[in-house]
Amino acid sequence: MKRSAAEIVREYGPFAGVEAVHGVTYDGSHVWFASGDKLSAVDPESGKIARSLDVAADAGTAFDGRHLFQIAEDRIQKIDAASGKVLGTIPAPGGGGDSGLAWAEGSLWVGQYRERKIHQIDPDTGKVLRTIESKRFVTGVTWVDGELWHGTWEGEDSDIRRIDPETGKVLEQLDLPAGTMVSGLESDGGDRFFCGGGANGNVRAVRRPRRG
């Protein structure tokens, strides 16, 4: 396993009225974060909030190219990103113990925090298609270039780790500074991860290691 210190390249926030950041996603131009009673879109260049949607948002967030998906207690909401309207809901596999959320390969991927699991689910029905076991509490989840990464947070320790999607084996680990939390996690498809800062109420950009 490759292990190194995470390189934090930028911090966004804190933001007025935001006490904690839960889920994080990226729509190709803005970083969206969940903060309990709303979803907010941040311009990653200016660091300012461009718009907010009033919607229950207390855990993971994902984007499928058109819709936002947002965990709210024991369900996952499908949201029209333009209007903010909730188009439908499906049950969350953890029944309220869910954390991270990602979209990849036509499926939603849901982290189950204390159960240390990641579920692949059908976005229309919520049916669990498969389950991957992790070694640590799972916070955010993201896929990039065929790689599955998830955030962890136990005690004072947080890291971002790449795991084998078949076995759950840890292949690479980026350690964050002590006391730095990772709540949500999303890749920008390139060389950055966006990480929710939990109770710090901020979002961090962390460099994704180069392949080569």
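The exercises below, each with a worked solution, concern a predicted model.

**Exercise 1. Serine 40**

Determine whether serine 40 is buried or exposed, and describe its surroundings.

Solution. Start with the secondary structure: serine 40 belongs to strand S5, which spans residues 36-42. Next, take the relative accessible area, which is 1% for serine 40. Buried means under 20%, so serine 40 is buried. Then look for side-chain partners: the side chains of serine 40 and serine 52 form a polar contact of 2.9 Å. Finally, list the contacts, leaving out residues up to four places away in sequence: serine 40 touches Val31, Trp32, Phe33, Ile49, Arg51 and Ser52.

**Exercise 2. The largest nonpolar core**

Identify the residues of the largest nonpolar core and the elements that give two or more residues to this core.

Solution. The core has twelve residues: Tyr12, Phe15, Val18, Val21, Val24, Tyr26, Val31, Phe33, Val42, Phe194, Val203 and Ala205. Two or more of these residues come from each of strand S3 (24-26), strand S4 (31-34) and strand S21 (203-207). Now follow one member, phenylalanine 33, through its contacts beyond four places in sequence: among them are Phe15, Val18, Val21, Val24, Val42 and Val203. Phenylalanine 33 also touches Gly23, Lys38, Leu39, Ser40 and Ile49. As background, nonpolar side chains in soluble globular proteins tend to be buried together.

**Exercise 3. The largest pocket**

Describe the volume and the lining of the largest pocket.

Solution. The space in the largest pocket is about 230 Å³. Its lining consists of 18 residues, and those nearest the centre are His22, Ala59, Ser99, Trp153 and Ser183. The elements that give two or more residues to this lining are strand S11 (98-104) and strand S15 (138-144). Sorted by class, the lining has six nonpolar, ten polar and two charged residues.

**Exercise 4. Arginine 116**

Locate arginine 116 and work out which residues it touches.

Solution. Arginine 116 sits in the loop between strand S12 (107-112) and strand S13 (117-121). With a relative accessible area of 28%, arginine 116 is partly exposed, because this value lies between the cut-offs of 20% for buried and 50% for exposed. Compare sequence with space: arginine 116 and arginine 136 are 20 residues apart in sequence, yet their C-alpha atoms are 5.6 Å apart. The contact list, which again omits residues up to four places away in sequence, includes Arg136 together with Ile132, Glu133, Ser134, Lys135, Phe137 and Val138. It also includes Glu154, and a polar contact of 3.5 Å joins the side chains of arginine 116 and glutamate 154.

**Exercise 5. Backbone geometry**

Solution. Most residues other than glycine have a negative phi, and most peptide bonds are trans. Proline 14 is in the loop between strand S2 (8-12) and S3.

Notes. Residues are numbered from 1 along each chain as its sequence is written. This is a predicted model: local features need pLDDT of at least 70, side-chain atom pairs count only at pLDDT 80 or more; totals for chains, interfaces and linings use all residues. Side-chain values use heavy atoms; hydrogens and water are left out. Helices (H or I, at least four residues) and strands (E, at least two) are DSSP runs, numbered from the N terminus. Buried means under 20% relative accessible area, exposed over 50%, partly exposed in between (1.4 Å probe, protein chains only). A polar contact is a pair of N or O atoms within 3.5 Å; within protein, one must be able to donate a hydrogen and the other to accept it, and residues adjacent in sequence count only if both atoms are side-chain atoms. Contact means heavy atoms within 4.5 Å. On a 1 Å grid over the protein atoms alone, a cavity is a set of points where a 1.4 Å probe fits but cannot get out, and a pocket is an open set with protein on both sides within 12 Å along at least five of seven lines; lining residues have an atom within 4 Å of a point. Grid points are joined across faces, edges and corners, and a volume is the space filled by probe spheres set on the points. Ala, Val, Leu, Ile, Met, Phe, Trp, Tyr, Cys and Pro count as nonpolar, Asp, Glu, Lys and Arg as charged, and the others, Gly among them, as polar. A nonpolar core is a set of buried Ala, Val, Leu, Ile, Met, Phe, Trp, Tyr and Cys residues joined through side-chain atoms within 4.5 Å.
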